[in-house]
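Subject: Structure handover

Hello,

Please find the structure below, with notes on what turned up in it.

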Amino acid sequence: MNPKNLFSIIALLLASSASAQVYSLDSCRNMAVGNNKTIRVAEEAIRGAGYERKAAKAAYLPGLDFNAGYVYNQRTINLLSDNANLPTMTFDPVTGSYIPNVLIGPDMKPVLDPSTGNPVFTEVAVIPKEAMSFDTHNVVAGAFTLTQPVYMGGQIKALNEITKYAEQAAIAARNSVVQDVIFGVDQAYWLVVSLKEKKKLAESFVTLVDTLRYSVNAMLEEGVATKSDLLTVDVKLNEAKIALTKVDNGLTLSRMNLAQICGLPVQSNMQLEDEDYKPCSPSTPQIEYNLTDVYARRQDLEVVRQGITVLTHREKLAMGTMLPKVAVIGAYEFSNPNLNDGFKKRFGGGFSVGATVSIPLWHWGGNYNHYRATKAATNAQRLLLEDLEEKVSLQVEQAKFSFQEAFKTYDMTVKNLESAELNLENAQFGFREGVLTTDDVIAAQTAWLQANSEKIDAEIGIHLCEVYLSKVLGNMKY
C-alpha cells in the first residue's frame, strides 16, 4: 500500500475518533475549572496573598539599608576671612600661672591698641587662612543602616495575622468561584441533554404528523376526507418541521456554549455521556441539614467571616499607632572628604550603634478616630454576615422546596404522559373508524408532544435542582 494512503487512513481514523469523543459531566467540570479565567484570577489572588504573608513575616527580622548621596558645592568653606593672630602666654614659676606677653609702657601698664582697645601683644601665634579652608566642591557620603524592631505597638503581629486571614479569604473566594463555575457547567450540560431529547421528540412528532398526512391523503383519494383536512395536516406538519429546526439550532448553540465554558473551541463536536440516558423513576429523597453546618460550609460566608477576622486585626493595627515604638539601630557611615583625622579628601567612616524610641503624644484625635473607624467597619461586617446568614437560611428552604417540587412535578408528568399516549391511541383509532376528525387527532398529537416535553423538562429539572441544592448547602464536590 502506498505510504501516503496509509498515512491518510490513519489521520482519518484519528480525526473520526476525536470527533466521536464522549465527555462525562465530571470531565466537563474538570475542563471548565482548569480553563476558567475567573478561577485563574482567583488563583493569582491567593498567590499574591501568600507573598503578602511572607512579606509580613519579614518585618520581624532586621532590615539592612544602604543610602548614598553626592553634592557639588560652588564655594570652598573658609572658616577664617584672613590670617588669625593668636596671643601667647609665658609661664611664671613664681606665681605658677601663665602671664600674657603684652607690651608694658613706661607707666608699667599694658599698651592698648587705639583701634580695638585690646592689649598689644609682643608675641603672637599666626594661623594662616589656608589652614582653615576646606575643599568641599565634591562631597560623597553614604551609610549602611541595620534596623531591628523591638516593639512596634503590636503592629507587626497584627499585620502578620491580617495577611494570614487575607490568604484564607482568598482561598474561600476561589472556592466560591469554582462552585459557581461548576453550577454553570451543570446547567449547560443538562441543557444539551434536554435539547437532544427534545430533538428526538420533535423528530418523532414530525414522523407522527407525516403518518397522519399519509393517511389523510389516502382518504382524500378515496373521497372520505376533504381538501381542508389535508391542508390542516400540512400546516401542522410544517409547524412540526419548523419546531424541529429550532430545536436542532438550539442544540447546536447549546453545544457551543458548553464548549466555551469548558475552554474548548466552540466548533468542537462535543458528545455527552448522558445524551442517550434512559429515563428513570426517581423517588423523593429525604433532605436533612443543620444550618450551623451549612453556614460553616458556605464559602461565600467564609469570605465574610475571614473579612471580619482581618478587620479585627486592623483594629489592633490602628491601636498600634497610639503606642510607643522601640528599635535598635546600627550603622556604618562614610564620606569623602572625611573628618575622622583632620580634613582629608578620601573615604573614611565608622560604626555607630543606638536605639530609637517613638512615643505618640498628641495628634488631635487623628489616630484614635482612625481606630474607631476600623471598629465601625468590623461591626458593619458582622451585621453583613448576620444578614447573609438569614438570606442563606431562606435560600436553603427555597432550594429544598424546589427540589421536592421537582420530584412531584416529574410524577405528574409521567401520569400526564400516560394519559396523553392513551388519548392519542384513542384518537387514532377513532379517526380510522371515522368517528373523529383530523382536528381531534392533531389535538391529541399536540397534547402528546406537550406531555413528553414536560416530562423531559421535569427529568432535567431534578438534576439541576439537585446540584443547586448541593451548592446552597455548601456540600458541592469540586
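A salt bridge here is a side-chain nitrogen of Lys or Arg within 4 Å of a carboxyl oxygen of Asp or Glu. This is a predicted model, so local features need pLDDT of at least 70 and side-chain atom pairs count only at pLDDT 80 or more, while totals for chains, interfaces and linings use all residues. Residues are numbered from 1 along each chain as its sequence is written, and side-chain values use heavy atoms, with hydrogens and water left out.

Salt bridges

Searching the whole structure gives 20 salt bridges. One of them joins the side chains of Glu43 and Arg174, at 2.6 Å from N to O. This pair links distant parts of the chain, 131 residues apart: Glu43 lies in helix α3 (residues 37-57) and Arg174 in helix α4. Helices (H or I, at least four residues) and strands (E, at least two) are DSSP runs, numbered from the N terminus.

Helix packing

Two helices can be described against α9 (residues 438-473). Axes are lines fitted to C-alpha atoms, for helices over the stretch in contact, and angles run from 0 to 180 degrees between N-to-C directions. Angles under 35 degrees count as roughly parallel, over 145 as roughly antiparallel, 65 to 115 as roughly perpendicular and the rest as oblique.

The axis of α4 (residues 155-222) comes within 10 Å of that of α9, and the two cross at roughly 170 degrees. The helices α4 and α9 are therefore roughly antiparallel. Their contact comprises 18 nonpolar, 10 polar and six charged residues. In this classification Ala, Val, Leu, Ile, Met, Phe, Trp, Tyr, Cys and Pro are nonpolar, Asp, Glu, Lys and Arg are charged, and the others, Gly among them, are polar.

The axes of α5 (residues 227-262) and α9 also come within 10 Å, crossing at roughly 15 degrees, so α5 and α9 are roughly parallel. On the α5 side, Asp229, Thr232, Val233 and Lys236 meet Thr438, Asp439, Ile442 and Thr446 of α9 (contact means heavy atoms within 4.5 Å). By class, that contact has two nonpolar, three polar and three charged residues.

Sheet

Four strands make an open antiparallel sheet, ordered β2-β9-β11-β12; two strands pair if DSSP finds at least two bridges between them. At the edges are β2 (63-72) and β12 (348-358), each pairing on one side only. From one strand to the next the twist averages 20 degrees. The antiparallel pairing of β2 with β9 (residues 138-151) runs over 10 bridges, and Gly63 has Thr147 in β9 as its bridge partner.

Regards
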